[in-house]
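Okay, thanks for coming, everyone.

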Amino acid sequence: MLLLSVVAMAGGAQAQTDSAPAAPARATHWTLGLLGGLDRNYHQIDMSYMKDMKYDKFTDGFTYGISATYNPWKWIGLRLDMVLIGKNYHMDHVTVLSSTSQIITQTTTENLYFNAPLMLDLSFGRRVRVHVNGGGYVGYWLSSHRSGTSYSLTYYTLGGDKSANEFDEDVPFNETRDNRLDAGFTWGGGLSVNVWKGLNLSAEVRWYYGVLDIQNDYMRHLNPRYNTTIAYQGGITWSL
């Protein structure tokens with residue numbers, strides 16, 4: 001009788017275990033990827049007292065790097081990118097020597113930065129997923145290069161006489177003048193498509209809003225200069 005009672009109790013406990021609802025599974029996994037594309041940089045500076053200078057609204061560049069996302073749930077993740085990004089600008093400078101002579105300098109400056117944005121990524125959908133993300137970034141100014149043309153224009157005739165000098169050179173950093181640290185906010189959005197098992201293709205637009213002046217406070221009446229960059233990038237990712 002005792003043996004029958006023990007068997008009956010074990011059977012009842014097993015039935016209760018089988019009938020209990022299972023805990024919802026969490027989609028804990030990593031997604032690693034490569035990304036790259038084009039960017040457009042807006043060099044922000046107050047031009048109120050610089051009538052002899054003109055900066056282009058946007059200057060093109062490139063961006064590329066790697067990405068890692070940790071997803072504790074399917075619809076939310078923590079994403080870290082490590083990218084190289086060009087924050088370039090173009091400037092025209094006119095120096096008036098006299099009423100009939102001036103020097104015009106057209107310069108494109110290519111600045112290469114390392115940026116590491118850390119973002120909260122929200123995504124919705126199944127095979128095609130919509131992503132919206134935002135956060136902050138830190139970075140470092142790696143190198144600077146400038147190229148262009150400088151020419152003297154003398155108005156002997158209506159067309160003028162123009163002699164040009166071209167330049168193409170690296171720009172050494174000046175620790176007194178240049179602030180090489182970079183930081184700001186970033187946000188963006190895009191789509192990802194699952195093409196095969198854990199393989200995905202993605203496309204997104206990302207906005208980097210810099211909050212640090214690229215110059216140190218080394219002189220009086222200095223106009224702050226900031227970079228705002230829009231990146232149009234695609235990528236390939238693997239879900240582990």
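I'll start with charged pairs, then go on to rings, and finish with charges over rings.

First, some ground rules. This is a predicted model, where local features need pLDDT of at least 70, side-chain atom pairs count only at pLDDT 80 or more, and totals for chains, interfaces and linings use all residues. Residues are numbered from 1 along each chain as its sequence is written, and side-chain values use heavy atoms, with hydrogens and water left out.

So, salt bridges. Side chains of opposite charge can pair when their charged atoms come close. Here, a salt bridge is a side-chain nitrogen of Lys or Arg within 4 Å of a carboxyl oxygen of Asp or Glu. How many salt bridges does the structure hold? There are 9.

Take Glu 204 and Arg 79, whose closest N and O atoms are 2.7 Å apart. Glu 204 lies in strand E10 (residues 199-210) and Arg 79 in strand E4 (residues 76-86), so this pair ties together parts that are 125 residues apart in sequence. Strands, by the way, are DSSP runs of at least two residues, numbered from the N terminus.

Are those two buried or exposed? Glu 204 is buried at 14% relative accessibility, and Arg 79 is buried at 9%. The cut-offs are under 20% relative accessible area for buried, over 50% for exposed, and partly exposed in between, with a 1.4 Å probe and protein chains only.

Now look at Arg 180 and Glu 175, which meet in a salt bridge at 3.9 Å, N to O. Arg 180 is buried at 17%, while Glu 175 is exposed at 57%. Elsewhere, salt bridges with shared partners join Arg 79, Asp 81, Glu 204 and Arg 206 into one network.

On to the rings. The structure holds 7 aromatic pairs, meaning rings of Phe, Tyr and Trp (its six-membered ring) with centres within 6.5 Å; planes under 30 degrees apart are stacked, over 60 edge-to-face, and the rest tilted. Tyr 137 and Tyr 208 are edge-to-face, 5.4 Å centre to centre with 90 degrees between the planes. That pair links strand E7 (residues 128-154) to strand E10, 71 residues apart, and both tyrosines are buried. Trp 187 and Trp 207, by contrast, are stacked, at 6.4 Å and 10 degrees.

Last, charges over rings: NZ of Lys or CZ of Arg within 6 Å of the ring centre and within 35 degrees of the ring normal. The charged end of Lys 57 sits over Tyr 42, 4.6 Å from the ring centre.

Conventions:
Helix = DSSP H or I, 4+ residues; strand = E, 2+ residues; numbered from the N terminus.
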